[in-house]
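Visitor: I would like a close look at a single part of this model. Please take it slowly, and then show me what else lies along the chain.

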Amino acid sequence: MKNLVILISGRGSNMEAIVRAAIPGVRIAAVISNRPAAAGLAFAADHGIATEVVDHTAHCSRESFDAALASAVDAHAPDLVVLAGFMRVLGDGFVARYEGRLINIHPSLLPSFPGLHTHRRALEAGVRVHGATVHFVTAKLDCGPIVIQAVVPVAADDDEASLAERVLREEHRIYPQAVRWFAEGRAAIEDGKVRLSGVTVPAVLGCVPGLEEA
Ligand code: GRF
């Protein structure tokens with residue numbers, strides 16, 4: 001059984017997708033938020049999952065917040081720490097502590113559009129495809145080894161909200177898949193890239209017309 005700790009800051013729909021996937025061999029040990037008002041906390045509690053808040057506003061330095069967060073996380077002995085809409089940048093010490101067992105979902109096809117406002121920037125750039133990426137977290141923001149990506153088309157009449165919604169639907173498919181692969185021991189980091197072994201689902205999902213639906 002693999003213990004997961006999921007870190008959220010808000011809505012928590014990716015966390016919800018992972019919980020609902022009920023992945024064999026995975027136990028969600030806790031959902032931890034840096035914001036007391038995070039809506040996702042109620043969903044987790046309703047599903048019998050331990051919840052906790054480590055409020056970043058109670059800490060005057062990143063180091064102090066990271067240390068408090070790490071001790072809350074470690075109390076659940078996680079095999080995997082899952083960032084699911086966790087909106088704080090974590091310091092190098094925190095990232096190093098969970099090396100190889102810390103993953104994130106980012107709403108763009110990395111390495112395009114790291115950072116914030118990805119949908120707006122994708123529309124401004126006029127890209128034809130956009131998407132989401134699950135990756136291992138490394139010290140450089142939104143830059144770690146890629147596990148799985150999802151591709152969506154950008155429509156001529158898209159605005160930020162419609163594009164975000166299309167991407168989010170795919171996020172809810174790829175994040176549970178990435179966790180499943182991790183739990184099955186199928187995702188290994190080699191030379192800075194993720195090598196998948198014995199997988200039957202493609203490592204890129206999506207819904208671009210003309211491309212095969214996975
Ligand atoms: C998602 O788009 C995720 O990719 C990004 O933040 C958003 C969080 O949404 N990191 P939710 O809280 O999982 O609903």
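Between which strand and which helix is Val-54 found?

Guide: Val-54 is found in the loop between β3, residues 50-53, and α3, residues 62-74. The names follow DSSP runs, numbered from the N terminus: helices are H or I runs of at least four residues, and strands are E runs of at least two. Two notes come before the tour. This is a predicted model, in which local features need pLDDT of at least 70, side-chain atom pairs count only at pLDDT 80 or more, and totals for chains, interfaces and linings use all residues. Residues are numbered from 1 along each chain as its sequence is written, and side-chain values use heavy atoms, with hydrogens and water left out.

Back to Val-54. Its relative accessibility is 8%, so Val-54 counts as buried. In sequence, Val-54 and Ile-32 are 22 residues apart. In space, their C-alpha atoms are 7.1 Å apart.

Next, look at Ser-33. Ser-33 lies in strand β2, which covers residues 26-33. Ser-33 is buried too, because its relative accessibility is 1%. Its side chain reaches two backbone oxygens. The one of Arg-35 is at 2.7 Å. The one of Ile-8 is at 3.4 Å. Such a polar contact is a pair of N or O atoms within 3.5 Å; within protein, one must be able to donate a hydrogen and the other to accept it, and residues adjacent in sequence count only if both atoms are side-chain atoms.

Now go to Gly-10. Gly-10 sits in the loop between β1, residues 2-8, and α1, residues 13-21. Its relative accessible area is 22%, so Gly-10 is partly exposed. Compare its position with that of Arg-20. Gly-10 and Arg-20 are 10 residues apart in sequence, and 18 Å apart in space, C-alpha to C-alpha.

Then comes the ligand. A polar backbone atom of Gly-12 is 2.8 Å from a ligand oxygen atom. For Asn-14, a backbone N or O atom lies 2.9 Å from an oxygen atom of the ligand. Ile-105 uses a backbone N or O atom as well, 3.2 Å from a ligand nitrogen atom.

Follow the chain to the loop between β5, residues 102-106, and α5, where Pro-111 lies. A cis peptide bond joins Leu-110 and Pro-111, and its omega is about 10°. His-117 lies in the loop between β5 and α5 as well. Its phi is near 55°, which is positive, and His-117 is not a glycine. Why are these two features worth a look? Most residues other than glycine have a negative phi, and most peptide bonds are trans. His-117 is partly exposed, because its relative accessible area is 44%.

Asp-191 gives another positive phi, about 50°, although Asp-191 is not a glycine. Asp-191 has its place in the loop between β8, residues 187-190, and β9, residues 193-196. With a relative accessible area of 80%, Asp-191 is exposed.

Now step into helix α5, residues 118-125, where His-119 lies. At 12% relative accessibility, His-119 counts as buried. The side chains of His-119 and His-130 are joined by a polar contact of 2.9 Å. Val-167 has its place in helix α6, residues 160-183. Val-167 is buried, because its relative accessibility is 0%.

One last stop is Ala-77. Ala-77 is found in the loop between α3 and β4, residues 80-83. Its relative accessibility of 49% makes Ala-77 partly exposed. From Ala-77 to Asp-158 the chain runs 81 residues. Their C-alpha atoms are separated by 43 Å.

Technical notes. Buried < 20%, exposed > 50% of the residue type's maximum accessible area, 1.4 Å probe, protein only.
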